[in-house]
Amino acid sequence: MFYVILRHYRRLGIFSTGMAAFCLSLVAHSGAGMSSLQHLIFFALSLVAFGFVALGLYKVQPGQRGVLEIAGFSAILSTLLLMYLPLMGVINLVIGIAIFFGVLTSTWFFLHSAVSRKIGARTSWRARHSCDIAYPAKLIWKHVVPGESAPEDHCTGMVERYKEDLEDEDTLSITFKGRRAGRAQYDITFLEKEAPNFCRFYFEGNEADGTLVDGIFSLSIDVIDRGHSTIIANEERSGLSLGALIERWFDDALGFQNDRLIDLLDARYGPGAGVTKPLSQKAA
């Protein structure tokens with residue numbers, strides 16, 4: 001649960017804040033006689049309630065998590081629109097709810113439209129993540145760098161297979177499992193590779209939805225001591241739709257991948273194994 005809050009706090013925040021503000025505006029426009037303090041208490045309780053709703057929705061349908069930020073944005077926009085409605089009473093409740101679903105539907109279709117893809121194609125997604133991790137560089141390298149271990153050992157948990165290029169040892173084809181029955185297929189070419197401390201590779205291929213993308217990923221692993229390292233990951237990706245760009249920002253994608261790496265290392269070698277056990281024992 002902590003990882004979900006840490007990596008999706010932006011998504012949880014915009015959803016709970018937007019929905020709480022929208023509900024408060026509906027109450028205010030209903031003509032209910034409430035004091036400023038009561039409005040404040042109602043907003044605070046709604047904020048907490050929608051936070052739990054967001055967590056529940058994510059746990060049940062993580063593949064549909066993008067609807068949370070869209071709903072939150074739509075709720076905020078609907079709240080602003082309701083400020084210009086002069087009428088009070090039940091009619092405004094109906095109008096307000098209709099506005100919300102209208103904005104929600106329009107935003108969803110726009111972010112998944114051809115226009116969204118054209119806008120996104122001219123924009124690059126850039127991300128950077130760094131952290132200290134209690135494992136040696138050799139193990140981190142093995143589970144992060146493509147082709148350095150079996151597909152099931154990659155930290156994302158989504159690699160289906162690798163295929164080496166017989167003509168170029170620095171090029172590798174990777175197939176990732178996507179949502180539902182989709183598959184993402186990339187060709188990567190290492191531009192620099194100094195095991196187990198640094199690599200940089202260019203990738204190009206198809207996202208699970210068929211979108212053509214390309215970009216550069218780099219990983220730096222600095223050894224602090226025998227079982228303690230600092231990792232710095234940078235990624236730049238072009239070709240994504242506007243909707244995908246927004247979803248990746250709300251995902252904190254590189255941070256989430258780092259969490260998956262730690263989970264995998266802890267499961268394989270035990271929490272803190274990099275510090276408390278000799279490398280020969282951990283690798284056994």
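Biologist: What makes strand β6 and strand β7 a pair?

Modeller: Two strands pair if there are at least two bridges between them. In this predicted model, β6 (residues 212–225) and β7 (residues 228–238) share 11 bridges, in the antiparallel sense. The count meets the cut-off, so they are called a pair.

Biologist: Which residue of β7 stands opposite S220?

Modeller: I232 stands opposite S220.

Biologist: What is the strand order of the open sheet?

Modeller: The sheet has 7 strands, ordered β1-β7-β6-β5-β4-β3-β2, with antiparallel pairing.

Biologist: Why are β1 and β2 called edge strands?

Modeller: β1 (124–133) and β2 (159–164) each pair on one side only. Neighbouring strands of the sheet are turned by 20° against each other on average, direction ignored.

Biologist: How do you know that helix α6 packs on the sheet?

Modeller: Contact means heavy atoms within 4.5 Å. Helix α6 (residues 137–144) touches β1, β4 (183–194), β5, β6 and β7. The direction of α6 makes about 165° with that of β6. Helix α7 (residues 242–251) also packs on the sheet, touching β1 and β7. The direction of α7 makes about 15° with that of β1.

Biologist: Why is S16 called buried?

Modeller: Buried means under 20% relative accessible area. S16 has 8%, so S16 counts as buried. S16 is found in helix α1 (residues 2–29).

Biologist: Which residues does S16 touch beyond four places in sequence?

Modeller: S16 touches L47, F50 and G51. In α2, the buried residues include F50 and G51.

Biologist: How do you know that the span of helix α2 is close to the one expected?

Modeller: Helix α2 (residues 36–60) has 25 residues. From its first C-alpha to its last, α2 reaches 36 Å, and 36 Å is expected at 1.5 Å a residue.

Biologist: Where in the chain is confidence lowest, and where highest?

Modeller: Helix α10 (residues 279–283) is lowest, at a mean pLDDT of 36, and strand β5 (residues 198–206) is highest, at 95. Over residues 274–284, pLDDT stays under 50. The chain averages 85, and 90% of the residues score at least 70.

Note on methods: Residues numbered from 1 in each chain as written. Predicted model: local features only at pLDDT ≥ 70, side-chain atom pairs only at ≥ 80, totals over all residues. Heavy atoms only, no water. Helix = DSSP H or I, 4+ residues; strand = E, 2+ residues; numbered from the N terminus. Buried < 20%, exposed > 50% of the residue type's maximum accessible area, 1.4 Å probe, protein only. pLDDT = per-residue confidence, 0-100. Expected span 1.5 Å × (residues − 1). Axes fitted to C-alpha atoms, helices over the stretch in contact; angles between N-to-C directions.
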